[in-house]
Amino acid sequence: MTDLTLPDLDIVRTWHLPARADEDQADAGDGRLATMEVRFSMFDVWYEIDSWWEGRFLERTARGAFRKTIREHNSRKVESAGVKVLFNHGHDFHIGDKLLGGIDSLTEEPDSPLGVVALDDTSYNRDLLPGLRRGGYGSSFMFRVVKDAWDQEPGISEHNPEGLPERTIREVRLFEFGPVTWPANPDATSSLRCVAGTDTYYAQLRSRDPKRVDELRSRISAIRTPSGPPAANPALATVGAASSTDEPATGHSGGMTPGERRRRLHPFLKGEQ
């Protein structure tokens with residue numbers, strides 16, 4: 001196994017775990033519309049990532065990965081310094097990045113981290129409440145990897161029939177979680193299938209901060225581009241430049257094996273050249 005970090009890329013993962021709300025606190029007189037519960041990361045469940053930004057591999061999150069970041073959140077002195085709760089990662093056209101409410105409790109349960117949120121009595125939360133009550137929204141979270149472990153050549157197994165590289169996330173820094181409209185790929189065979197929401201997140205972020213996103217794309221493109229003849233995929237040559245679409249490039253692996261692609265994308269891998 002090889003430990004590595006991806007130091008400056010914010011990552012998004014989405015699940016078909018429903019975010020649910022009830023109105024048993026609606027008459028408490030404290031400005032609370034309802035109480036929402038969000039479980040947003042199943043532990044020790046393998047899922048495939050196929051991302052323009054991150055590559056293609058299998059991933060799982062180990063139990064305990066959220067322990068430190070949750071402890072730091074719970075010990076904060078002011079609410080503004082803690083984890084945020086947003087709808088669609090703050091990219092909804094109507095709600096934007098307004099907070100849905102305050103976090104009553106944030107814990108790491110045996111199966112998943114759990115956030116219990118006091119939804120503020122606002123017009124946009126009232127619009128969300130019917131869908132939340134019936135479990136119509138999925139769960140998502142944004143984080144940064146602090147510690148992980150890689151097996152670049154795990155071999156073929158029941159959960160990994162293609163022998164893709166396997167990543168186990170050991171520790172994360174949690175920034176935000178909340179309900180999302182499109183939690184997972186509709187073609188996924190399992191209701192708990194995670195998809196690379198990172199690509200969608202950065203496509204949306206580009207409309208707000210194109211300079212930041214294009215600089216990151218240009219840097220990653222430069223890392224991916226091998227020395228010698230140009231890559232066969234012409235889409236790679238235009239990454240970071242203005243384009244008519246912000247879709248991930250087709251065939252972005254450029255003919256490299258998963259292990260070669262990981263090493264080219266992440267030259268800071270410890271113990272690898």
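Analyst: A contact is counted when heavy atoms lie within 4.5 Å. With residues up to four places away in sequence not counted, Leu 119 touches Ala 21, Gly 31, Arg 32, Leu 33, Ala 34, Met 36, Leu 100, Gly 101, Asn 125, Leu 129 and Leu 132.

The model is predicted, so local features need pLDDT of at least 70 and side-chain atom pairs count only at pLDDT 80 or more, whereas totals for chains, interfaces and linings use all residues. Residues are numbered from 1 along each chain as its sequence is written, and side-chain values use heavy atoms, with hydrogens and water left out.

Leu 119 belongs to the largest nonpolar core, which has 51 residues. Such a core is a set of buried Ala, Val, Leu, Ile, Met, Phe, Trp, Tyr and Cys residues joined through side-chain atoms within 4.5 Å. Buried means under 20% relative accessible area, exposed over 50%, and partly exposed in between, with a 1.4 Å probe and protein chains only. Met 36, Phe 66, Leu 119 and Phe 177 touch the most other members of this core. In soluble globular proteins, nonpolar side chains tend to be buried together.

Arg 32, one of the residues touched by Leu 119, also makes a side-chain polar contact with the side chain of Thr 35 at 3.3 Å. A polar contact is a pair of N or O atoms within 3.5 Å; within protein, one must be able to donate a hydrogen and the other to accept it, and residues adjacent in sequence count only if both atoms are side-chain atoms. Thr 35 lies in strand S3 and is buried, with a relative accessible area of 10%. Helices (H or I, at least four residues) and strands (E, at least two) are DSSP runs, numbered from the N terminus.

Strand S9 (residues 137–151) is largely enclosed by the rest of the structure, because 11 of its 15 residues are buried. Two strands pair if DSSP finds at least two bridges between them. S9 runs antiparallel to strand S2 (residues 11–22), with six bridges, and Met 142 in S9 is the bridge partner of Val 12. S9 also runs antiparallel to strand S10 (residues 166–180), with 13 bridges; there, Val 145 stands opposite Val 172.

For the protein as a whole, the secondary structure comprises five helices and 11 strands, and buried residues make up 48% of the 273 residues. Among contacts with a separation of 6 or more, 72% come from residues 24 or more positions apart.
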